[in-house]
Amino acid sequence: MGANKGILCANEGRIYTFLIGCQSVAYTVLDSDSFSTQLLNIPENYKVIFLQGGGSGQFSGIPLNLIGLKEARCADYVVTGGWSAKAAKEAEKYAKVNLVHPKLSSYTKIPDPSTWNLNPDSSYIYYCANETVHGVEFDFVPDVGKAVIVCDMSSNFLSRPVDVSKFGVIFAGAQKNIGCAGVTVVIVREDLLGYALKECPIVLDYKVQVENSSLYNTPPCYSIYIMGLVLEWIKNNGGVMAMDKLSQIKSQMIYDIIDKSNGFYACPVEKKCRSRMNVPFRIGSIKGDEALEKEFLEKAVEDNMISLKGHRSVGGIRASLYNAVTIEDVEKLATLMKSFMKLHS
């Protein structure tokens, strides 16, 4: 491995060319200095690899690579939404999973870390930084002493500054904030390599992928190429600090309308853990008025706003405000929300 601190890392400056169909696509694996200061300041003792299988692939990849760190083969999971619940269920195939707090009746909050029941024999503690379906986001890194922290940052990666040194592993599917589906970024601390279970598929073995500069098998070339363009865009638009500021402005614009609507709009998530990436809300009441929500979605489509329908498991409305969504886009939604509320007041 060459550069270790860049968000894209492996043999800095080298250009790899792959054959895709009848076309060859070339991409440059970006060097450390390009992005370490403006995107993520990744310490020297971390490796960055590009894997396939999306974030869901890492639901298996994490326990397969890390559960062998301790003989107990136990892992702590913080379940605050649908994605962390799926990760915990998948991990049960390979490990004894300890849910650190009682199952929540609804995913609308993050239990106080002081109440978590952590197992000292666990190989790692896992949480999802942002739950897209339920709109719950961590605005802090849990203080768990010397325990290895694993974090799924698929839906808020590069939307705010991150102290990488606090984590053992960070992973992120690209398709929310850093590119198109097909590639997953994994940032792993060097001392955690080499513990993969014998059952671990070789393409998910972090040590093998690090030793082969993410090229053990043909990587998702086009997705990596697009990621490079997106990272350039983030860099040229002020870096992660600028994305963080924009995320706060965009989300607050919608939350302000919700909070000042006298109950016409209602967000079920506790204010201290509301997501800046995904804003779920109901119309008419906290349980929602199906007719009003259907009408709202129809008017949104008329204004060329699509995919505002909430996830099928929770219903309602959900506004996703990823990095590529502009302030102008959010202002358009805000205008609709205000006019719709006025119409039905």
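**Entry 1: α7 and α8.** I looked up the handedness of this crossing first. α7 and α8 cross in a right-handed way. I noted that the model is predicted. Helix α7 covers residues 290-302, and helix α8 covers residues 327-344. Their axes come within 11 Å and cross at roughly 135 degrees. α7 and α8 are therefore oblique to each other. Next I listed the residues that meet. From α7 I wrote down L292, E295, F296, K299 and A300. Their partners in α8 are L333, L336, M337, F340, L343 and H344. Sorted by class, this contact has eight nonpolar, one polar and two charged residues.

**Entry 2: α5 and α6.** I then turned to helix α5 (residues 221-236) and helix α6 (residues 239-259). Their axes are 7 Å apart, and the packing angle is about 80 degrees. Angles of 65 to 115 degrees count as roughly perpendicular, so α5 and α6 are roughly perpendicular to each other. W233, I234 and K235 of α5 meet G239, V240 and M243 of α6. I sorted this contact as four nonpolar, one polar and one charged residues.

**Entry 3: E137.** Is E137 buried or exposed? I found E137 in strand β8, residues 136-137. Its relative accessible area is 2%. Buried means under 20%, so E137 is buried. What does the side chain of E137 contact? It makes a polar contact with the side chain of R160, at 3.1 Å. A polar atom of the E137 side chain also lies 2.8 Å from the backbone nitrogen of R276. Leaving out residues up to four places away in sequence, E137 touches several others, including I110, N156 and C273.

Conventions:
Residues numbered from 1 in each chain as written. Predicted model: local features only at pLDDT ≥ 70, side-chain atom pairs only at ≥ 80, totals over all residues. Heavy atoms only, no water. Axes fitted to C-alpha atoms, helices over the stretch in contact; angles between N-to-C directions. Helix = DSSP H or I, 4+ residues; strand = E, 2+ residues; numbered from the N terminus. Parallel < 35°, antiparallel > 145°, perpendicular 65-115°, else oblique. Left-handed = near helix turned anticlockwise from the far one by under 90°. Contact = heavy atoms within 4.5 Å. Nonpolar A, V, L, I, M, F, W, Y, C, P; charged D, E, K, R; others polar. Buried < 20%, exposed > 50% of the residue type's maximum accessible area, 1.4 Å probe, protein only. Polar contact = N/O pair within 3.5 Å; in protein donor to acceptor, adjacent residues only side chain to side chain.
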